Amino acid sequence: MAMAYMEYCSNCGEKNSEMFVEGRHRYYCNHCDTVHYENPKPTATLICPKGKEILLVRRKYEPAKGFWCLPGGFIELGETPQMAAIRELKEETNLNGNIEKLLGHCSHFNSLFGDVLLLGMVMKIEDFSIMQPGDDAEDVKLFPLNNLPVLAFRCHTEIVEMYRKEIS
Ligand SMILES: [Zn+2]
């Protein structure tokens with residue numbers, strides 16, 4: 001999978017090779033002399049509390065289809081973490097909110113999407129009554145913080161732990 005996705009140069013379309021550049025092997029194009037740097041993809045991953053409950057989303061698609069996870073998703077080009085958080089929350093749950101606090105970060109290496117850098121954030125939700133699952137969510141629901149289901153991703157569990165410490 002790793003080979004296929006960087007097989008061709010995104011700059012000129014010729015075939016990439018590999019070269020040792022700045023401390024590691026990287027995809028490199030001989031034709032246009034481009035080094036293809038790769039970086040983790042950042043996400044906004046959200047803790048949305050309501051009293052002693054937090055909001056979870058049931059995943060409709062792979063990876064981890066059918067499992068519950070924290071709302072959130074990848075930060076798009078041109079977006080701040082705050083913008084991505086607001087957009088993803090709206091898309092997945094129909095809710096409106098704002099970032100209250102940056103909790104911390106967690107790295108997930110070699111995921112289906114490559115390396116992912118998750119930014120855990122606490123969101124303040126204005127009104128939970130308009131909650132409904134979006135297109136890529138099977139369900140959305142509030143769960144008691146002390147009785148959560150097994151979450152889809154290790155980093156989501158770690159971000160929940162950061163939140164528990166934050167409020168304890
Ligand atoms: Zn090239």
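**Sheet, helix and charges**

Modeller: Strands 9 and 10 make an antiparallel pair, joined by eleven bridges. Strand 10 covers residues 114–125. Strands pair here if DSSP finds at least two bridges between them. Helices (H or I, at least four residues) and strands (E, at least two) are DSSP runs, numbered from the N terminus.

Colleague: Which residue of strand 10 stands opposite I99?

Modeller: M123.

Colleague: Before we go on, what kind of model is this?

Modeller: This is a predicted model, where local features need pLDDT of at least 70, side-chain atom pairs count only at pLDDT 80 or more, and totals for chains, interfaces and linings use all residues. Residues are numbered from 1 along each chain as its sequence is written, and side-chain values use heavy atoms, with hydrogens and water left out.

Colleague: What is the strand order in the open sheet of four?

Modeller: The order is 8-4-10-9, and the pairing is mixed. Strand 8 (72–74) and strand 9 (97–111) are at the edges. Each has a single partner strand, so one side of each lacks a neighbour in the sheet. From one strand to the next, the twist averages 20 degrees. Angles run from 0 to 180 degrees between N-to-C directions, with axes fitted to C-alpha atoms, for helices over the stretch in contact.

Colleague: Which strands does helix 3 lie across?

Modeller: Helix 3 (residues 154–167) lies across strand 4 (41–47), strand 9 and strand 10. Its direction is at about 145 degrees to strand 9. Contact means heavy atoms within 4.5 Å.

Colleague: Switching to charges. How many salt bridges are there?

Modeller: Eight. The rule asks for a side-chain nitrogen of Lys or Arg within 4 Å of a carboxyl oxygen of Asp or Glu. One of them joins K15 to E7, at 3.0 Å from N to O.

Colleague: Are E79 and E88 buried or exposed?

Modeller: E79 is buried at 18% relative accessible area, and E88 is buried at 8%. Buried means under 20%, exposed over 50%, partly exposed in between (1.4 Å probe, protein chains only). Back at the other pair, K15 is partly exposed at 47% and E7 is partly exposed at 25%.

Colleague: And the chain as a whole?

Modeller: It has three helices and eleven strands. Of its 168 residues, 41% count as buried. The C-alpha trace spans about 60 × 30 × 30 Å along its principal axes.
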